[in-house]
Amino acid sequence: MRQGETMRDLVNVMKALSDPGRVKVLKALEARELCACEIIALLGLAQPTVSRHLKVLADAGLITGRKVGSWVHYRLAQNPSTPYAQALLAALPGWLEADPEIAALRASLRDSRRGKIAASPTSPTSPDTACAACAPPRA
């Protein structure tokens, strides 16, 4: 076993892949950094569910977050902390490229514009709880 490799590291990465919602988050983050508001709107899931997914992905070393005011913007880890996370992130771009769910996710991501996410009537994020990048301009 190489230094830094543990059973827990492998289990965390495998756990991160065990949910379709988390896989969708990873595939979405391939395109660009996203705030939690965007991820909530993109997946159509409740905020606590998305928060749990983000925690599992971060614990596995697959994503990192950076604070922007009161909100956190997420991206794929640039320097994964374990060889398992590094291997997964290296292989990720070739996975699920023909999957219809991933294609729809990418189309939604291309069509979404920051500033309109919380204003959408189908968005689970309200304008009052959206980050500054996602909230519609105030009149």
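Biologist: Which residues in H2 meet which residues in H3?

Modeller: Gly 21, Lys 24, Val 25 and Ala 28 are the H2 side, and they meet Ile 39, Leu 42 and Leu 43 in H3. Contact here means heavy atoms within 4.5 Å. Helices are DSSP runs of H or I with at least four residues, strands are runs of E with at least two, and both are numbered from the N terminus.

Biologist: And by class, what does the contact of H2 with H3 have?

Modeller: Five nonpolar, one polar and one charged residues. Ala, Val, Leu, Ile, Met, Phe, Trp, Tyr, Cys and Pro count as nonpolar, Asp, Glu, Lys and Arg as charged, and the others, Gly among them, as polar.

Biologist: What should I know about the model before we go on?

Modeller: This is a predicted model, where local features need pLDDT of at least 70 and side-chain atom pairs count only at pLDDT 80 or more, while totals for chains, interfaces and linings use all residues. Residues are numbered from 1 along each chain as its sequence is written, and side-chain values use heavy atoms, with hydrogens and water left out.

Biologist: Good. At what angle do the axes of H2 and H3 cross?

Modeller: Roughly 120°, and the axes come within 11 Å. Axes are lines fitted to C-alpha atoms, for helices over the stretch in contact, and angles run from 0 to 180 degrees between N-to-C directions. That makes H2 oblique to H3; angles under 35 degrees count as roughly parallel, over 145 as roughly antiparallel, 65 to 115 as roughly perpendicular and the rest as oblique.

Biologist: Is that crossing left-handed or right-handed?

Modeller: H2 and H3 cross in a right-handed way. The term means that the near helix is turned clockwise from the far one by less than a right angle, with anticlockwise being left-handed.

Biologist: Now H2 and H4. At what angle do they pack?

Modeller: H2 (residues 20-31) and H4 (residues 47-59) pack at about 70°, with their axes 10 Å apart. That makes H2 roughly perpendicular to H4. H2 passes H4 in a right-handed crossing as well.

Biologist: Which residues make the contact?

Modeller: On H2, Gly 21, Arg 22, Val 25 and Leu 26; on H4, His 53, Leu 54, Val 56 and Leu 57. By class there are five nonpolar, two polar and one charged residues.

Biologist: Tell me about Leu 54. Buried or exposed?

Modeller: Leu 54 counts as buried, at 4% relative accessibility. Buried means under 20% relative accessible area, exposed over 50%, and partly exposed in between, with a 1.4 Å probe and protein chains only. Leaving aside neighbours within four places in sequence, Leu 54 is in contact with Val 25, Ile 39, Ile 63 and Tyr 74. Leu 54 and Arg 22 are 32 residues apart in sequence, and C-alpha to C-alpha they are 7.6 Å apart in space.

Biologist: Which residues touch the most other members of the largest nonpolar core?

Modeller: Leu 26, Ile 39, Leu 62 and Ile 63, out of 27 residues in that core. A nonpolar core is a set of buried Ala, Val, Leu, Ile, Met, Phe, Trp, Tyr and Cys residues joined through side-chain atoms within 4.5 Å. H1 (7-17), H2, H3 (36-43), H4, S3 (71-76), H5 (83-91) and H6 (100-111) each supply at least two residues of this core.

Biologist: What does Ile 63 touch?

Modeller: Not counting residues up to four places away in sequence, its partners include Leu 26, Leu 29, Leu 54, Tyr 74 and Leu 76.

Biologist: Back to H3. Which of its residues are buried?

Modeller: Cys 37, Glu 38, Ile 39, Ile 40 and Leu 43. What covers them includes H2, S1 (34-35), H4, S3 and H6. Gly 44 follows H3 and has a positive phi, near 70°.

Biologist: How do H1 and H5 pack?

Modeller: At an angle of about 35°, with their axes 8 Å apart. Asp 9, Leu 10, Val 13 and Leu 17 of H1 make the contact with Tyr 84, Ala 85 and Leu 88 of H5. Those residues divide into six nonpolar, no polar and one charged.

Biologist: And Asn 12, where is that found?

Modeller: In H1. Asn 12 is buried, with a relative accessible area of 19%.

Biologist: Last one: how many helices and strands are in the protein?

Modeller: Six helices and three strands, running α-α-β-α-α-β-β-α-α from the N terminus on.
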